[in-house]
Amino acid sequence: MNFSEHKLSLEIRPDMAELGRLTQVLDEFWQAHSLDEDKQADLNIAVEEIVSNVIRHAGTALPIRVHVGLSAGRVSVEVQDSGCAFDPLAHPLPDPGASLEQRRAGGLGILMVTKMMDEVRYQRVEDRNSFTMILSR
């Protein structure tokens, strides 16, 4: 874990038990930089959703990397993993207004993340998945 001016980088094991530690470290970082509580909550929910998806579906035993950048105007969070290539944004998002019978399974978490964040993007870089979320301060 590395706290420097307005950046945070940490690695967590691909284990659901690590989510509590991740949230605790993020909370300390947000509070140290006076981030609005509502923004903190949105970011924590989004990061937990993406990281938990990686843990459940990526099929990697290697650590997950989380990089946070905080400036006067925005917060960016990048989640990197070495699992199978998968772009969650390339799949159609579910229609939350559709009946249960018409909805396909899955996808509600990524839908929530796309609605909460100002910008989301995925790319595959050097055999790693990279999912980036940006939220204006």
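Buried means under 20% relative accessible area, exposed means over 50%, and partly exposed lies in between, using a 1.4 Å probe and protein chains only. The structure is a predicted model, where local features need pLDDT of at least 70, side-chain atom pairs count only at pLDDT 80 or more, and totals for chains, interfaces and linings use all residues. Residues are numbered from 1 along each chain as its sequence is written, and side-chain values use heavy atoms, with hydrogens and water left out.

**Exercise 1. Get your bearings**

Task: Find how many helices and strands the chain has, and the order in which they run.

Solution: 
- Start with the terms: helices (H or I, at least four residues) and strands (E, at least two) are DSSP runs, numbered from the N terminus.
- Counting them gives three helices and six strands.
- Reading from the N terminus, the order is β-β-α-α-β-β-α-β-β.
- As for burial, 40% of the 137 residues count as buried.

**Exercise 2. Follow the strands around β4**

Task: Work out which strands pair with β4, and explain why β4 is described as largely enclosed.

Solution: 
- Two strands pair if DSSP finds at least two bridges between them.
- On one side, β3 (residues 64-70) pairs with β4 in the antiparallel sense over six bridges. In this pairing V66 stands opposite V79, and H67 has E78 as its bridge partner.
- Three residues lie between β3 and β4, which form a hairpin.
- β4 also pairs with β6 (residues 128-136), again antiparallel, over eight bridges; here S76 stands opposite I134.
- Now burial: six of the eight residues of β4 (residues 74-81) are buried, so the rest of the structure largely encloses this strand.
- Five of the seven residues of β3 are buried, so β3 is largely enclosed too.
- To extend the picture, β2 pairs with β3 in the antiparallel sense over six bridges, with E11 and R65 as bridge partners.

**Exercise 3. Describe a helix pair**

Task: Describe how α2 and α3 meet, and which residues make the contact.

Solution: 
- Axes are lines fitted to C-alpha atoms, for helices over the stretch in contact, and angles run from 0 to 180 degrees between N-to-C directions.
- The axes of α2 and α3 come within 10 Å and cross at roughly 145 degrees.
- From α2, the contact uses D42, I45, A46, E49 and I50; from α3, it uses G109, I110, M112, V113 and M116.

**Exercise 4. Check one residue**

Task: Decide whether V125 is buried, partly exposed or exposed.

Solution: 
- V125 is found in β5 (residues 119-125).
- Its relative accessible area is 36%, so V125 is partly exposed.
- The C-alpha atoms of V125 and Q80 are separated by 9.2 Å, with the two residues 45 apart along the chain.

How values were computed
Contact = heavy atoms within 4.5 Å.
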